[in-house]
Each structure stands twice: as C-alpha cells, then as structure tokens.
Amino acid sequence: MSRAKTLALMLFAVVLIAGGWKEFLSPGALHTSHADIGGDCDQCHLVFDGIPDENCLSCHEGIAALQGTGEGFHSSVADQGCIECHGDHSGPTASLTKEPASKSFAHSSTRFALDGAHANMDCATCHSEPLGKMEAVCNSCHEDPHSSALGQDCNVCHEAVAWKSDLKTVEAHALDMSGKHGKLLCEECHTQGNHLDLEVSCNDCHKDGHGGTTHACSDCHEVAAFKPAEFDHGPCTCAFPGKHQTVECLGCHEDFVFTDSPTECSGCHTDDRPHDDLGGCAQCHTATSWSENRFVHNEQSDFHIDGEHLSVSCSQCHEGGNFKGAPTTCESCHSSAVDKGGHGEFGGCADCHTTEAFTKSTFDHTTSGFELTGKHSKLNCHKCHGEEAPAAE
Amino acid sequence: MLARMPYVYAAILVLQTIVLAGVYATDPPAPSDPLSVWLGWIAIGSMVSLLIYSFARRLKRFRDMAKLSYWLHFHIFLGFEGMLSALFHSSHLFTREAAIVWTNPGVLNFLAVCIVFCSGVFGRWMYGRLPHRTEGGNPEGGGLARVYRYWIFAHRPMAAALYLLTFVHIALAFMFSPTLRHF
C-alpha cells in the first residue's frame, strides 16, 4: 500500500470516528421517542455513573410533576431508579419497559384503574403518548362527542364497564323534566352533545311557532304542559286595559306570531271603525270602553257645543260616522222642525234661538219696528204669527 | 479420575445448555439482567482461565500436576464454556427487534468469541489427525501439519484480539451501562 493510500485510509478512519463514534458503540437503535437524542449518549448516560433519574426526568417532566405531587403510579415507585423498569436500545418500536416490570405492573396503582373493556386492551392502544403526558381522563383516548360541554368527568354519566349512559337519571337532570319530558330518551334531545349547555332553550328542540319572539317560552308556557299558556302582559296592561286583558291571544297575535304585534288601535280595530280615518283613535276612545267618548268637542273641534247639544249622541249629528264633513249650520240638523211647519225662513236660526232651548227665542222684537209691550210681551210667537211664520219684512 | 473429566465437562455443558435454553426460551432475561451479566462474567472468566493451557505447555509445574492432555481437556471445556456463556449472554442480539450494530464492541466481541471458538475447534480437529512424537508437542509431517502451524500462528493473534475486544467491551459497559456498575 502506498503512503498516500495509507494516509487517506487513516484520514478516513479519523473522520469516521470523529463524526460518529458514539453511533458505532451503540448497542442498538433507540426507540422512536428517543430518536432525537440518538448519538448524544451523554444526554442520558453519565460515564461510570449509569443513567441517573434526573436525566430521565429532565425530559419526562410529566412524570416528574406527578412525583412532585405524589400522584400516579410513578410516585409509588419513586424510590426506584428509572432504569430498574425501563431501558432502551432495543429498537425503534420495542417496549421501553422491561418485561418483568411490565408483568408485575398493576394498573390499579395508577390514577386510572382498568375497568371493564379497558382490562383487555393492549397497552399501546392507549399509551401512544409518553405516560406523563397522559391525562387520567376518558377523552385522552375517547373522542368527546359532547364537545367538552360536559366537562372532563365522564363518570358522572358513564361507567367504564359500559359506555351507555345509565347513571344520569331524569331526577338528576338539571332542567325541569316534568310532563312529557320525563318520558323522553336522552338522545332524543341531546343530539348535539348539548348536555350541560346552560343556554339550552325550548326551541333547541321545539319549533318556535311565534315568529321568533324574544320572550322566553316559560314566560307563557310551563314545562309540564305546553297548554294552557298564560302571559302577564305586564306594563302593556296600562296601554291595553279593559277588554284587552281578557281577549284571547290570537285576538291580537294572529297565528301566534308575537313579533311585530301592532300597538296602535288601528292595528286590530280597523274593521270595527264605523267612520272615516280621523287620526288616532285615542283622541275619542279609550281602551277601557269603545263607546266612552273622551273627545272634548269644544277644544278639539271648531264647532262649539253647549246647551241641549251637550245631551245628544255623536251619531245624531255625525250620521254614518261622518265626522270630518259634519255640517255646522243649524238647518242641516234642525230642518225637520222647519219642514213640519214651525215657521218660514227668517234667516239665521241663531237670530232667534240659542242652544239652550229651541222654543225660547232671543229675538228682539223692537228691531222689527213693533215693540212688544204690556201683554204682547207675554204672548207666544204663534199667537200673532200663526202656524205659518210671516216672512220677515 | 482426570481421564474421565471430559465426561464431567460434557455433562456440565449439556446440563448448562438445557437449563439456559429453558430459561431463555420461557423468560428471556434482558441484557442487564443479573443472569445475563453473570453469564458474561463466566464467559470472560472461562476465556481468561483457558490461558492456563498455555502455561501448562510451558511450565513443568503444571504438567507435574496433570498430564498436558488433561490441561487441554480443561482448555477445551473452558472454550466451550466461554462460547456457551457468551452465546446466551448475547442472545438478545438475535431476539430483539433492533438491528445489530456491527461496530458495537459487544457485537464485535461476540463475533471474536465465535471466530476464536471455531478456530479452536478446527485446531483441535487438526491436532487429532496429526501424529505426535510427544504429548503436547507439535505434530509432524504433511500438508496438514503445515496448516496446523499456520493455524497456531493465526489462532493466538485472534485470541489476543478477542481479549482486547473483551476489555473494550467491558470498559464501555462499565462506562455507559446503567446497570453493570451494580455488579
């Protein structure tokens, strides 16, 4: 062998040894979970001092934490060295727990006793993660169909021996389960895992037939029975007193739609209105009584009424609900008296009559050129003017 | 009595093989298990002890104690004992999942044991087929004698390499094994 070849071979050997001599000394491949420390023997091994527990626990913080709190299986064996039960270099997927330790291990000494179907399962089925990272909760392995809405303690409803939720009774139910609810199966309502959702409402299950009212169902209905429904209109009774309080819900809330219910009289009473639209009904009517008139004629209209006019009903003047176009002259109402031969046309009625009484004339006879004196002054007009009133001259 | 020792040796080896095979077949101990470690020590002890034959060949004091052939029987027994112990000590190499790291000193050590053991068996086979003038003397005549001389020339360095590898193996085990320091 030439000198150059010898030097090259030596150089190759040096590079090889310097680059990965630890790999060459390894007794076997590490487990995949330790793969990232392959070649760095010192991370676990101390020369002439084995593998101290500290080197294991510096990475396995979960185990260290449990030992710190005295929880879990590893706390019960904290006086033993890690290597008494565990070892590596047996291959990427080989067990890290020595067989004697595996055989003597009792899962009941951990935070999670293996009951029911768990007892027959292969360790790796659950322990795909390092032990310290596992939580002693069901959803470490089982997918939570309740979207964490029920918390971590599955044992409240389930048992390890059977997943069927027999533990939760209707009596233990947070919601009122009286009436027909008590006969329901869990899955009939809890289709979406909304077991502990405090925001659960009736219409999560029941279709809202009220057009999306903002009121809670319980404002009108009881859980025990949907009917009869009662609702305290509360403040509304001030605005809607009288018969409104005894009217059927449907009388105002057509088709049980409670949203956008009218609050104006015209919203419901349009068909009842016997007259033209005069504006707000409340100008004349009250919610207590339709017939009770609170229209102040002398303030709210230009036609002043007094005397005998005060005693007549509205319809006597406002025939057919004719309020807006009601006549304001005496003759428009009192023409019958003239037609029946009271007297002829003398001009304006108010020249002789007042609203106090038709028969009591206020005509000042002096203005006619024939002053009434003596007994003439006490005569009835008809005594001189006959049945036919003379034309005014 | 000493003439019958080969039978005793054979009985020991057979019994040991049966017991160890039974143990390793039913409940194979881990490499760090005390049984496995002790088998390693027995293998080393055997390999060191069989050097006594070299002394017996050279020192009359040994030959006064027993015939050289008896020392050879003892040498062969220790060779088998070492091989057997090393085999079970290293059995995890064949049963575990991990691939063998051929550069590992333990693996090299085991290979060296196998090579030297086979070499010894081959040497003994040749030795038995060659005529001898004197007990323990070098055989004479023919091509096989020449091969035998070559074998002697090769067997000793191989044995020396075995001891060197054994030393490295033990040293590294003491340095890095988490359990060996307890033994």
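This is a predicted model: local features need pLDDT of at least 70, side-chain atom pairs count only at pLDDT 80 or more; totals for chains, interfaces and linings use all residues.
**Exercise 1. Work out which kind of aromatic pair B:Phe94 and B:Phe110 form, and what the pair ties together.**

A pair of aromatic rings is described by the distance of the centres and the angle of the planes. Over all chains, the count is 14 aromatic pairs. For B:Phe94 and B:Phe110, the ring centres are 5.8 Å apart and the planes stand at 65°. An angle over 60 degrees counts as edge-to-face, so that is the class of this pair.

Now locate the two residues. B:Phe94 belongs to helix H6 (residues 92-95) of chain B, while B:Phe110 belongs to helix H7 (residues 105-129) of chain B; the pair therefore ties together parts that are 16 residues apart in sequence. Their accessibility is worth a look too: B:Phe94 is exposed at 53% relative accessible area, whereas B:Phe110, at 8%, is buried.

**Exercise 2. Describe the interface of chain B and chain A, from its area down to its salt bridge.**

Begin with the residues: 19 from chain B and 24 from chain A take part in the contact. Together the two chains bury about 1700 Å², with 57% of it on carbon and sulfur atoms. On the side of chain B, the residues that lose the most area to chain A are B:Glu97, B:Met175 and B:Phe176, together 33% of what that side buries.

Then turn to the polar side of the contact. The interface has 1 salt bridge: the side chains of A:Lys103 and B:Asp27 meet at 3.8 Å, N to O. Between chain B and chain A there are 3 residue pairs in polar contact, both residues at pLDDT 80 or more. As for elements, H8(B) gives the largest share of the side of chain B that touches chain A, with 5 residues. By class, that side has 10 nonpolar, 5 polar and 4 charged residues.

**Exercise 3. Characterise chain A as a whole, then zoom in on A:Ser218.**

Take the overall picture before the detail. Chain A has 14 helices and 0 strands. Of its 393 residues, 16% are buried. Among the contacts in chain A with a separation of 6 or more, 44% join residues 24 or more positions apart.

Now for the single residue. A:Ser218 is in the loop between helix H7 (186-189) and helix H8 (236-239) of chain A. Its relative accessibility is 57%, so A:Ser218 counts as exposed. The C-alpha atoms of A:Ser218 and A:Glu230 are separated by 9.3 Å, and the two residues are 12 residues apart along the chain.

Definitions and conventions. Residues are numbered from 1 along each chain as its sequence is written. Chains are lettered from A and ligands numbered from 1 in the order in which they are written. Side-chain values use heavy atoms; hydrogens and water are left out. Rings of Phe, Tyr and Trp (its six-membered ring) pair if their centres lie within 6.5 Å; planes under 30 degrees apart count as stacked, over 60 as edge-to-face and the rest as tilted. Helices (H or I, at least four residues) and strands (E, at least two) are DSSP runs, numbered from the N terminus. Buried means under 20% relative accessible area, exposed over 50%, partly exposed in between (1.4 Å probe, protein chains only). Contact means heavy atoms within 4.5 Å. Buried area is the accessible area (1.4 Å probe) that two parts lose on being put together, summed over both. A salt bridge is a side-chain nitrogen of Lys or Arg within 4 Å of a carboxyl oxygen of Asp or Glu. A polar contact is a pair of N or O atoms within 3.5 Å; within protein, one must be able to donate a hydrogen and the other to accept it, and residues adjacent in sequence count only if both atoms are side-chain atoms. Ala, Val, Leu, Ile, Met, Phe, Trp, Tyr, Cys and Pro count as nonpolar, Asp, Glu, Lys and Arg as charged, and the others, Gly among them, as polar.
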